[in-house]
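Good morning, everyone. Please open the structure on your screens, and we will walk through it together.

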Amino acid sequence: MINIMKIHWMNVAGIRSFAVNPKGERPIMDFYTNPFSPNCRKVYAVAKQLGVELDTKIIDVLKGEHKSPAFLAINPNGMVPALVDGDVKLWVSNGVQCYIA
């Protein structure tokens, strides 16, 4: 896994994985979100505007899903949004927007 904290969020697009599956398609990125979060909505808006397909996974913060061990493995801060693209894990909304762009 890449230590994303050592990479400036504006340069994160340079590490984006362009691996393709056997069908020649790029795998869909996993996007962990909550519809009530403005930061999640702005990431989704950028993805929709650019035509980037995301596999949206809703995290229910009222049920404490953001503090589950599975989600904390993705984002140690326990906050949404978070994006997983292969070995790359991002959880800062501005960095996620730059990455998908």
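First, one term. A residue counts as buried when its relative accessible area is under 20%. With that cut-off, look at strand β3. Ala82 and Val84 on one side are buried, and so are Leu83 and Asp85 on the other. Both faces of β3 are covered. Keep in mind that this is a predicted model.

Now the overall picture. The protein has three helices and four strands. Along the sequence, the pattern reads β-α-β-α-β-β-α. There are 101 residues, and 34% of them are buried. The exposed surface comes to about 6,300 Å². Carbon and sulfur atoms supply 59% of that surface. Next, take the contacts with a separation of 6 or more. Residues 24 or more positions apart account for 58% of these.

On to the sheet. In what order do the strands lie? The order is β2-β1-β3-β4, in an open sheet of four strands. The pairing is mixed. At the edges stand β2, residues 54-58, and β4, residues 88-90. Each has a single partner strand, so one side of each is left without a neighbour in the sheet. From one strand to the next, the twist averages 20°.

Strands of a sheet pair through backbone hydrogen bonds, either parallel or antiparallel. Here we find both. Let us go pair by pair.

Start with β1 and β2. They run parallel, joined by five bridges. Thr33 stands opposite Ile58 in β2.

Next, β1 and β3. Strand β1 covers residues 29-33, and strand β3 covers residues 82-85. They pair in the antiparallel sense, over three bridges. Find Phe31 on your screen: it stands opposite Leu83 in β3.

Last pair, β3 and β4. Three bridges join them, and they run antiparallel. Asp85 stands opposite Val88 in β4. The two strands form a hairpin, with two residues between them. Look at Gly86 in the turn. Its phi is positive, about 70°.

Back to β1 for a moment. Four of its five residues are buried, so β1 is mostly covered. Take Thr33, which is found in this strand. Is Thr33 buried or exposed? Thr33 has a relative accessible area of 7%, so it is buried. What does Thr33 touch, leaving aside its neighbours within four places in sequence? It is in contact with Cys40, Thr56, Lys57, Ile58, Ile59 and Val80.

Val80 brings us to another detail. A cis peptide bond joins Val80 and Pro81. Its omega is about 5°. Where does Pro81 sit? Its place is in the loop between α2 and β3.

Now look at Lys57 again. The structure holds one salt bridge. Asp55 forms it with Lys57. The closest N and O atoms are 3.1 Å apart. Asp55, at 33% relative accessibility, counts as partly exposed. The largest nonpolar core holds 20 residues. Which members touch the most others? They are Tyr32, Leu54, Leu83, Tyr99 and Ile100.

Finally, α3. This helix is mostly covered, with six of its eight residues buried. Those six are Ser93, Gly95, Val96, Gln97, Tyr99 and Ile100. What do the buried residues of α3 pack against? They pack against β1, α1, β2, β3 and β4.

Methods: Residues numbered from 1 in each chain as written. Predicted model: local features only at pLDDT ≥ 70, side-chain atom pairs only at ≥ 80, totals over all residues. Heavy atoms only, no water. Buried < 20%, exposed > 50% of the residue type's maximum accessible area, 1.4 Å probe, protein only. Contact = heavy atoms within 4.5 Å. Areas by Shrake-Rupley, 256 points an atom, 1.4 Å probe, with all protein chains shown as cover. Pairing = 2+ DSSP bridges. Axes fitted to C-alpha atoms, helices over the stretch in contact; angles between N-to-C directions. Core = buried A, V, L, I, M, F, W, Y, C linked by side-chain atoms within 4.5 Å. Salt bridge = Lys/Arg side-chain N within 4 Å of Asp/Glu carboxyl O.
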